[in-house]
Each structure stands twice: as structure tokens, then as C-alpha cells.
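The following report covers a single protein chain.

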Amino acid sequence: ILNLTPDSTNSSYNKNIIINGRDIISFNLKKNTNSYESNFWEPDSIGQSESQYDRVTMSMEVKRHNPWITFFKIFIAPYLAFIICYFWHFIAEKKLDARVGIATWALFATISNKYIVDSIVPQTTSFTLIDQIHTIVLAFIFFSLIMSIFAGKSIEEWGEVDKFDYFMINFWWPWFIVLNIIIILIAVYN
């Protein structure tokens, strides 16, 4: 039987290891016993379906340099699309084509950014902060597009849409900002 004991005091990683944009914070070795669903054909273990062996696990804690710069680089396009959509409410109500055009551009810009970011960031099956922010931006822009089309129809019927723009500027968009702040803070403190 092999008994492994890590030499934590005299062991370390190669200081020449450089990870761009990150610092290695800690290095740890830990011994534990692992169960395997095999006896690995050991003569002393015939008839047993499980065996236990020692193993040493190495872990490193890595910290990113300036994480907010990375965040800014990833989300500048969707947030810029959101800001442009916010200002479309100051375009004259009768210029529905301009409003719809801006919303359509914003949707495509956000979707394009999502594909680019997904090609850079490692794939995962979980719903990450990147997915959450892109989904929120898309949902808010899409809702605004639908509401703008509805408002354009209202102009034809009732002749004004000031109440719609007032609602969107003063109530709808602040909810977007609050929701983003909440999910970002949850991600930072989890």
C-alpha cells in the first residue's frame, strides 16, 4: 500500500508561471483518501468491489487584475445599445420608423455581442452573469420595441403618445438599471 504525505512546507509552484492578467494568490497541497469502485486486480483485494487509496490534491487561488475593466469590455456594447434605446423616446412620436430602426439595431448589436463573448469565455451549462445581463438587455429592448410599435398605432388612433414616453423614461428604464445593479451585486458577493 502506498501512503502519500504532502510536504506542504517545502513544496510550491514554479514562480516562472505567469498567467496574463492574473496573480496567483495561494498554493495548497492536501492529502485525502479516495474510494474507487474497483480493486485494481490486487491479489489481497479479491472479492472486494471497492478499494481506498491516498491521493494528494493541489489547488491554486488566482485573482484577476482589474476585474471591472474586463466587465466593461464585455458589456459596453449591450449597455450602449440600451442607452441609445433610452434616447429614442426623445425622437418625435410620428417618426416610428426611426424608433423601430433603432430598436432593431440595438437587438442585433446585443445578440452579436453575446455571440462574440460566448466565443471568448469558456462554455458552461449554468446561467452566468454574462447570460443574465444579455437576457435582461434583450428583454427590455424587445419590450420597448413592441411598446413603440403599439405607441405608433396609438398615434394613428388617439393622436398622442406622450404618456407612453413618460412611462418608459420615468418607470420602465429605471427598473432596468435597478435589476442590473442587483444581479451584479449578487454576482460580486457570491
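The side chains of S126 and T124 make a polar contact at 3.1 Å, a polar contact being a pair of N or O atoms within 3.5 Å in which, within protein, one must be able to donate a hydrogen and the other to accept it, while residues adjacent in sequence count only if both atoms are side-chain atoms. S126 is found in the loop between α2 and α3. With a relative accessible area of 40%, S126 is partly exposed; the classes are buried under 20% relative accessible area, exposed over 50% and partly exposed in between, with a 1.4 Å probe and protein chains only. The helices named here are DSSP runs of H or I with at least four residues, the strands are runs of E with at least two, and both are numbered from the N terminus.

The model is predicted: local features need pLDDT of at least 70, side-chain atom pairs count only at pLDDT 80 or more, and totals for chains, interfaces and linings use all residues. Residues are numbered from 1 along each chain as its sequence is written, and side-chain values use heavy atoms, with hydrogens and water left out.

**Polar side chains in the helices**

Two further serines lie in helices. S144 belongs to helix α3 and counts as buried at 0% relative accessibility. The side chain of S144 reaches the backbone oxygen of F140 at 2.9 Å. S112 is placed in helix α2 and is partly exposed, its relative accessible area being 40%. S112 and P78 are 34 residues apart in sequence, and their C-alpha atoms are 9.3 Å apart in space.

H134 lies in helix α3 and, at 1% relative accessibility, counts as buried. The side chain of H134 makes a polar contact of 2.6 Å with the side chain of N113. The side chain of H134 also reaches the backbone oxygen of I130, at 2.9 Å. Neighbours within four places in sequence aside, H134 is in contact with F75, P78, T110, N113, K114 and V117, where contact means heavy atoms within 4.5 Å.

| Side chain | Partner | Distance |
|---|---|---|
| S126 | T124 side chain | 3.1 Å |
| H134 | N113 side chain | 2.6 Å |

**Core and aromatic residues**

In soluble globular proteins, nonpolar side chains tend to be buried together. The largest nonpolar core here has 24 residues, and those with the most contacts inside it are F75, Y79, I133, I141, W173 and F176. Such a core is a set of buried Ala, Val, Leu, Ile, Met, Phe, Trp, Tyr and Cys residues joined through side-chain atoms within 4.5 Å. At least two residues of this core come from each of α1 (67-87), α2 (96-120), α3 (129-158) and α4 (162-189).

Y79 touches F71, I133, V137, F176, N180 and I184, not counting residues up to four places away in sequence. There are 7 aromatic pairs in the count; rings of Phe, Tyr and Trp (its six-membered ring) pair if their centres lie within 6.5 Å, and planes under 30 degrees apart count as stacked, over 60 as edge-to-face and the rest as tilted. F75 and Y79 form a tilted pair, 6.1 Å centre to centre with 45° between the planes. These residues are 4 apart in helix α1, so about one helical turn separates them. Both F75 and Y79 are buried.

Y79 and F176 form an edge-to-face pair, with 6.3 Å centre to centre and 85° between the planes. Because Y79 lies in helix α1 and F176 in helix α4, this pair ties together parts that are 97 residues apart in sequence. F176 is buried, as is Y79. Ring pairs link W68, F71, F75, Y79, F82, F140 and F176 into a cluster.

**The chain as a whole**

Which pattern does the chain follow along the sequence? The order is β-β-α-α-α-α, with 4 helices and 2 strands in total. N66, found in the loop between β2 (51-64) and α1, has a positive phi of about 45° although it is not a glycine. Most residues other than glycine have a negative phi.

Of the 190 residues in the chain, 27% are buried. Among contacts with a separation of 6 or more, 66% are between residues 24 or more positions apart.
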